[in-house]
Amino acid sequence: MIVIGVTGSIGMGKSTTARLFAAHGAVLHDADAVVHALYRGEAVPLVAARFPEAITEEGVDRVKLAAILAEDPAALPVLEAIVHPMVQAVEAERMAAARSEGRAMFVTDVPLLFETGAENRVDVVVVASAPSEIQATRVLKRPGMTPERFAAILARQVPDAEKRRRAHFIVDTGHSKEASALIVADIVRALAAKAAA
Ligand SMILES: CC(C)(COP(=O)(O)OP(=O)(O)OC[C@H]1O[C@@H](n2cnc3c(N)ncnc32)[C@H](O)[C@@H]1O)[C@@H](O)C(=O)NCCC(=O)NCCS
Ligand SMILES: Nc1ncnc2c1ncn2[C@@H]1O[C@H](COP(=O)(O)OP(=O)(O)OP(=O)(O)O)[C@@H](O)[C@H]1O
């Protein structure tokens, strides 16, 4: 089984790109979706122990948590130390299950692939990327996003140019989904040919 890590900076189209691989039969692991689920379940007691103000009846409230982190950036590594090992454990379980089912491709969509060392757990790194103006237009359309928040998020992420340098493959998402789908189809073909060789 080939393990493909898809990453990219905020708004660069990594979820869209990862879904394009899933359309070719890859098992899809979405780290961000796992965080959403953990915040309604398993992670609640651990987050509550450090950030009690971020908890509501539904679990961890992301808006409240984001407000705490905006006030106190030193809290982010504390949160990451709780969340990242849990996300990695889920990824490892799913990867083992996919292997035992004899699946050919596993795609893990990890926003912080380079930042968290996930690069070492994958066979191939795919970076979703688009021109920065397109990225900014996409991100600033989101409810609650401000230029300041966008800049703060970018400052915490490995820059796009470095991501592109460290990628095995780049998927340009700056045109259309159809154009990106053709690039993904080429990557899948190249990986299949390499696996068969
Ligand atoms: C701070 C939180 C509550 C904000 O939630 P919210 O729904 O408002 O934003 P969202 O999660 O969509 O993130 C917005 C952007 O910030 C980026 N981002 C999220 N966490 C981090 C981080 N730890 N470091 C750098 N960038 C991050 C995301 O990749 C995304 O591009 C949430 O991002 C969080 O709990 N982060 C810590 C867990 C984590 O590291 N998740 C990343 C994937 S494993
Ligand atoms: N290949 C593409 N062509 C055109 N638009 C795209 C493409 N990929 C993504 N988009 C658009 O860009 C936006 C962000 O895409 P997506 O959610 O996949 O990005 P992301 O990198 O996973 O985002 P984030 O890290 O911020 O959660 C969406 O509005 C999506 O429709």
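These legends walk through several views of one predicted protein model.

Because the model is predicted, local features need pLDDT of at least 70 and side-chain atom pairs count only at pLDDT 80 or more, while totals for chains, interfaces and linings use all residues. Residues are numbered from 1 along each chain as its sequence is written, and chains are lettered from A and ligands numbered from 1 in the order in which they are written.

View 1. Helices (DSSP runs of H or I, at least four residues) and strands (runs of E, at least two) are numbered from the N terminus. The C-alpha trace spans about 55 × 40 × 25 Å along its principal axes. A residue is called buried if 20 or more other C-beta atoms lie within 10 Å of its own, exposed if 12 or fewer, and partly exposed in between, with C-beta atoms placed from the backbone. By that count, 29% of the 197 residues are buried. Two residues are in contact if their C-beta atoms, placed from the backbone, lie within 7 Å. Among contacts between residues at least 6 apart in sequence, 72% join residues at least 24 apart.

**View 2. Helix H1 and what covers it.** Here you can look along residues 14–22, where Lys14, Thr17, Ala18, Leu20 and Phe21 are buried. These residues cover an arc of only 155° around the axis, which puts them on the same side of H1. The arc is that of the directions from the helix axis to the C-beta atoms. The cover over these buried residues includes strands E1 (2–7), E2 (27–30), E5 (105–109), E6 (124–129) and E7 (169–172), together with helix H9 (177–196).

**View 3. Gly13 and Ser15, two residues from a UniProt listing.** An unreviewed UniProt entry lists Gly11, Met12, Gly13, Lys14, Ser15 and Thr16 under "binding site". UniProt positions are given in the numbering used here, feature names are shortened, and annotations may be inferred rather than shown by experiment. Gly13 sits in the loop between E1 and H1, and it counts as buried because it has 24 C-beta neighbours inside 10 Å. Leaving aside residues up to four places away in sequence, Gly13 touches Gly8, Ala128, Ala130, Thr173 and Ser180. Ser15 belongs to helix H1 and is partly exposed, with 17 other C-beta atoms within 10 Å. With residues up to four places away in sequence again left out, Ser15 touches Asp30 and Asp109.

View 4. A residue is near a molecule if its C-beta atom, placed from the backbone, lies within 6 Å of it.

**View 5. The surroundings of ligand 1, with Leu65 among the closest residues.** Ligand 1 is surrounded by 18 residues, and the closest are Ile10, Arg62, Leu65, Pro111 and Arg156. Helices H2 (31–38), H4 (62–71), H5 (75–100) and H7 (147–156) are the elements that give two or more residues to this shell. H5 provides the largest share, five residues. The shell divides into 13 nonpolar, one polar and four charged residues. Leu65 has its place in helix H4 and counts as partly exposed, with 18 C-beta neighbours inside 10 Å. Not counting residues up to four places away in sequence, Leu65 touches Phe51, Ala54 and Val60.

**View 6. Val124 in strand E6.** Val124 is partly exposed, with 18 C-beta neighbours inside 10 Å. Not counting residues up to four places away in sequence, Val124 touches Ile2, Ile4, His168, Phe169 and Leu191. Val63 lies 61 residues from Val124 in sequence and 34 Å from it in space, C-alpha to C-alpha.

Key:
Ala, Val, Leu, Ile, Met, Phe, Trp, Tyr, Cys and Pro count as nonpolar, Asp, Glu, Lys and Arg as charged, and the others, Gly among them, as polar.
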